[in-house]
Protein chains: 2
Amino acid sequence: MGLSRNKIKLIRSFKGKKFRDEHQLFVAEGDKLVSELLKNSRCYFLAALPEWLDTHPDISADEIIIASEVELKRATFLKTPPPVIALFHQPNHDAKQLDINRGISLALDGVQDPGNVGTIVRIADWFGIEQIICSSDTADIYNPKTVQATMGAIARVKVIYTDMARFLREQEQLPIYGTFLDGHNIYEEVLPDTGIVVLGSEGKGISREVEKRVTRRLYIPSFPPGRATSESLNVATAAAIICSEFRREQV
Amino acid sequence: MGLSRNKIKLIRSFKGKKFRDEHQLFVAEGDKLVSELLKNSRCYFLAALPEWLDTHPDISADEIIIASEVELKRATFLKTPPPVIALFHQPNHDAKQLDINRGISLALDGVQDPGNVGTIVRIADWFGIEQIICSSDTADIYNPKTVQATMGAIARVKVIYTDMARFLREQEQLPIYGTFLDGHNIYEEVLPDTGIVVLGSEGKGISREVEKRVTRRLYIPSFPPGRATSESLNVATAAAIICSEFRREQV
């Protein structure tokens, strides 16, 4: 049977956010990521090489198609065609489902790069952070590049989009952290096990409206102090260091 | 005058490593990166919009060309055409120039992704790590994607390529760190201010030959202990956490 032209066209349509929103599905590719997602997520459609299907006899999907290398090459968003491409149902998280008073949550305020958003979801998962709140102008979690960068963490971390400034205004009971050039040395802070950590956009940092809601200003010092360096850390790099600092006293 | 077809072709040729090696030049694009590099690096050729040149009157380059948006769009490796594209001379670092007994050095053992290599250089720069030794199969530092990801740190960090296993065999006087699943909790270790930190490839980790030279095995614990998570951290994420741990006691 193989992967028809129509199916290839369908897969490729998921590059667009509008199409993803409409169908409430997202694309995942490659053995590692698809295998990881199959554990927790509902699979709508899966196309794979016969060899891949032979080694994954127990998979469950609404539709399974045996595909050729040439067909997968036509359908893929990756440079190297993967042995498997699948469409998964988007989990429907919303702000009401979050339990923001439990543990650490991340808040992404305008993070633009899909790869950065995916990497941050993967970091959150590693450090047991189960909830990420994104401003409406943050890159879409279901962008194929974002999905790939999560390496499957997308199945375990709840990601929701909302009006960030308004959302934070309602969390007055929680400490809200953000990094700023005039913040306190993060290495000297005693960090709690409950709270929200805001990460700003690559170019502009945390927006002014959101900054007003930040109650604890932090700073990651460069080394040695006072030396000229890159003017900033990449947002995913900062996320890694901050999450590590929040957890290091607790493991 | 503008940017000629030949010059556009020349810029685009630097996508290939062979061409870069032959000419000992590399491409940098965008206001931030080019401005940063102009501070420390010798510029062979620069093409920019007239507006950009007006706001940068003191730049020095062997050749400066006023270019149009259309021309820059044809020449660029980026999605959004930048106001400036430049070719810089590659600094000629070699292993003999390194002072490996001073401070922390990173060793990249087969890191494949150009973006990861660039991000790691930027992290090193932030944490005052001035030397990076790369195995021959690590992605080329002068790949346009790598250069972009360094955000200018490429001008401050010495990066050399060598036979990694042999290089490490000659560093018996230094502690050599690497991360492994059976390593010690990095948060509980007392880390020195001199030594080498090895980072392995995205898919395969540290190679067996290099592993033999590692004298201190570390591990970044996930949270909470024992929970199922992503099987690993991205190599640039791990680099950020490790470098932060090496420096946090010293700032």
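# Legends to close-up views of a predicted two-chain model

**Pro224(B) sits in the loop that runs between strand 10 (216-219) and helix 10 of chain B.** Helices and strands are DSSP runs (H or I with at least four residues for helices, E with at least two for strands), numbered from the N terminus. The peptide bond between Phe223(B) and Pro224(B) is cis, with omega about -15 degrees. In chain A, the bond from Phe223(A) to Pro224(A) is also cis, with omega near -15 degrees. Pro224(A) belongs to the loop between strand 10 and helix 10 of chain A. Most peptide bonds are trans. The model is predicted: local features need pLDDT of at least 70 and side-chain atom pairs count only at pLDDT 80 or more, while totals for chains, interfaces and linings use all residues. Residues are numbered from 1 along each chain as its sequence is written, and chains are lettered from A and ligands numbered from 1 in the order in which they are written.

**Gln24(A) has a positive phi, near 55 degrees, and is not a glycine.** Gln24(A) is placed in the loop between helix 2 and strand 1 of chain A. Most residues other than glycine have a negative phi.

**Six strands of chain A make an open sheet.** Their order is 7-6-5-9-8-10, and the pairing is parallel. Strand 7 (158-162) and strand 10 (216-219) of chain A are the edge strands; each has a single partner strand, so one side of each lacks a neighbour in the sheet. On average, neighbouring strands of this sheet are turned by 35 degrees against each other, direction ignored. Angles are taken between N-to-C directions and run from 0 to 180 degrees; axes are lines fitted to C-alpha atoms, for helices over the stretch in contact.

**Strand 5 (residues 104-109) and strand 6 (residues 131-135) of chain A pair in the parallel sense over four bridges.** Pairing requires at least two bridges found by DSSP. Leu108(A) has Cys134(A) of strand 6 of chain A as its bridge partner. Helix 6 (residues 114-126) of chain A packs on the sheet and touches strand 5, strand 6, strand 7 and strand 9 (195-200) of chain A. The direction of helix 6 makes about 175 degrees with that of strand 5 of chain A. Helix 10 (residues 235-248) of chain A also packs on the sheet, touching strand 5, strand 8 (176-185) and strand 9 of chain A. The direction of helix 10 makes about 160 degrees with that of strand 9 of chain A.

**The axes of helix 6 and helix 10 of chain A come within 9 Å and cross at roughly 10 degrees.** The two helices of chain A are therefore roughly parallel to each other. The class covers angles under 35 degrees; over 145 counts as roughly antiparallel, 65 to 115 as roughly perpendicular and the rest as oblique. From helix 6 of chain A, Asn116(A), Thr119(A), Ile120(A), Ile123(A) and Ala124(A) meet Val235(A), Ala236(A), Ala239(A), Ala240(A) and Cys243(A) of helix 10 of chain A. By class, this contact has eight nonpolar, two polar and no charged residues. Nonpolar means Ala, Val, Leu, Ile, Met, Phe, Trp, Tyr, Cys and Pro; charged means Asp, Glu, Lys and Arg; the others, Gly among them, are polar.

**Chain A divides into domain 1 (5-89) and domain 2 (96-248).** The bounds come from an automatic or database domain assignment. The domain centres, taken over C-alpha atoms, are separated by 30 Å. The contact draws 15 residues from domain 1 of chain A and nine residues from domain 2 of chain A. Residues are in contact if their C-beta atoms, placed from the backbone, lie within 7 Å. On the domain 1 side, helix 2 (17-23), strand 1 (25-29) and helix 3 (31-40) of chain A each give two or more residues. Helix 3 of chain A gives the most to that side, with five residues. The domain 1 side holds seven nonpolar, two polar and six charged residues.

**31 residues of chain A contact 31 residues of chain B.** Helix 6 and helix 10 of chain A are the elements giving two or more residues to the chain A side. Helix 10 of chain A supplies the largest share, seven residues. The chain A side divides into 15 nonpolar, eleven polar and five charged residues.

**A rotation of 180 degrees with 0.0 Å of shift along its axis superposes chain A on chain B, with RMSD 0.0 Å.** That is the relation of a two-fold axis. The same surface serves both copies: 100% of the contact residues of chain A recur in chain B. Superposition is by least squares on the C-alpha atoms of residues with pLDDT of at least 70 in both copies. Ile241(A) comes closest to the rotation axis among the residues of chain A, its C-alpha at 2.7 Å.

Definitions and conventions. Contact = placed C-beta atoms within 7 Å.
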